[in-house]
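Visitor: Please take a close look at one helix contact with me, residue by residue, and then place it in its surroundings. I would like the criteria behind each term as we go.

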Amino acid sequence: MNKTVEVLPDQPTLVARALELILSKLDTAIEQRGRFTIALSGGSTPKPLYEAIANQKLPWDKINVFWGDERYVPPDHPDSNELMTRRAWLDRVDIPAANIHPVPTLEANPELAAAKYEQHLKEFFNSSGVEFPALDLVLLGMGDDAHTASLFPHTEALKVRDRLVTVGNKDGNPRISFTYPFINSALSVIFLVAGANKRPALAQVFAPVADDFAYPSRLIRPQGELWWLLDAAAGSELQH
Ligand SMILES: O=C1O[C@H](COP(=O)(O)O)[C@@H](O)[C@H](O)[C@H]1O
């Protein structure tokens, strides 16, 4: 794992740096493999980044978009990560519908939805099932409890190591989430973290010793590159 931590002065600079990195990963992936696969995060932090991506002229037909986690709500629900992304980015560009891979959330139950998304990922990546497929880039956020994707502290989802996708648990509400081993198979992972409320969690995530189950973002140790992009409010006092 190759880890880089950058503390940027403010949120616009954070977004500009994330955009720069994503465009560079995109260029390399398309040059080397003819396509770019990215998994997105939800929450509030990435919205301006998605708006900035929408303003780029990109080879949209070579870009495939997945979600690292999703709330178990219909796709037109205000809490849907897919809805936020469509409004900020995907509805504003000429990306083929077949290149958008939303998490199914209208299944009979969340377990079925997780299994269906996993099957879709395996088929897309033509994966034998022995090795986990590698996305070019997984974009992650981190909550002030150190959760990432929908991998919440002290939940069963943190024990799942043999699946690509599982069911997360946010205060009793199901969510669909990539597992941490699947995230870790990515070529690059970028965390985007902003705001002073994230400071205590970040201190634990970066501590040399702490409980991974209490601070799930610690479990993210990808085979490829790991980038932590922090704004000053979140990261200025961080020891790294
Ligand atoms: O619940 C979620 O929160 C995290 C962090 O979100 P933020 O609002 O603090 O940026 C996000 O990474 C995750 O995708 C989302 O479902």
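Guide: In the contact to look at, Lys 47, Tyr 50, Glu 51 and Ala 54 of H2 meet Met 84, Thr 85 and Ala 88 of H3, where contact is taken as C-beta atoms, placed from the backbone, lying within 7 Å. The model is a predicted one, in which local features need pLDDT of at least 70 and side-chain atom pairs count only at pLDDT 80 or more, while totals for chains, interfaces and linings use all residues. Residues are numbered from 1 along each chain as its sequence is written. Helices (H or I, at least four residues) and strands (E, at least two) are DSSP runs, numbered from the N terminus.

By class, this contact of H2 with H3 holds 4 nonpolar, 1 polar and 2 charged residues; Ala, Val, Leu, Ile, Met, Phe, Trp, Tyr, Cys and Pro count as nonpolar, Asp, Glu, Lys and Arg as charged, and the others, Gly among them, as polar. Two packed helices are described by the angle between their axes and the distance between the axes. For H2 and helix H3 (residues 81-88), the axes come within 8 Å and cross at roughly 40°, with axes fitted to C-alpha atoms, for helices over the stretch in contact, and angles running from 0 to 180 degrees between N-to-C directions. H2 and H3 are therefore oblique to each other, since angles under 35 degrees count as roughly parallel, over 145 as roughly antiparallel, 65 to 115 as roughly perpendicular and the rest as oblique.

H2 also packs against another helix. Helix H1 (residues 11-33) meets helix H2 (residues 47-54) at an angle of about 50°, the axes being 9 Å apart, and this pair is therefore oblique as well. The crossing of H1 past H2 is right-handed, the near helix being turned clockwise from the far one by less than a right angle. Val 15, Ala 18, Leu 19 and Ile 22 of H1 make this contact with Pro 48, Leu 49, Ala 52 and Ile 53 of H2, and its residues divide into 8 nonpolar, no polar and no charged.

Next comes the ligand. There are 14 residues around the ligand, of which Gly 42, Gly 43, Ser 44, Thr 45 and Gly 141 come nearest, a residue being near if its C-beta atom, placed from the backbone, lies within 6 Å. This shell comprises 3 nonpolar, 10 polar and 1 charged residues.

The strands complete the surroundings. An open sheet of 7 strands has the order E1-E10-E9-E6-E2-E3-E5 with parallel pairing, where two strands pair if DSSP finds at least two bridges between them. Strand E1 (2-8) and strand E5 (100-101) stand at its edges with a single partner strand each, so one side of each lacks a neighbour in the sheet. E1 is joined to strand E10 (residues 225-231) by 7 bridges, and Leu 8 stands opposite Asp 231 in E10.

An open sheet of 3 strands, E4-E8-E7, pairs antiparallel; its edge strands, E4 (69-71) and E7, pair on one side only, and neighbouring strands are turned by 30° against each other on average, direction ignored. E4 is linked to E8 by 3 bridges, with Ser 177 as the bridge partner of Asp 69. Between strand E7 (residues 165-170) and strand E8 (residues 173-178) there are 6 bridges, and Val 165 stands opposite Phe 178. E7 and E8 form a hairpin with 2 residues between them, and Asp 171 in the turn has a positive phi of about 50°. Helix H4 (residues 110-124) lies across E7 and E8, running at about 140° to E7.

Technical notes
Contact = placed C-beta atoms within 7 Å.
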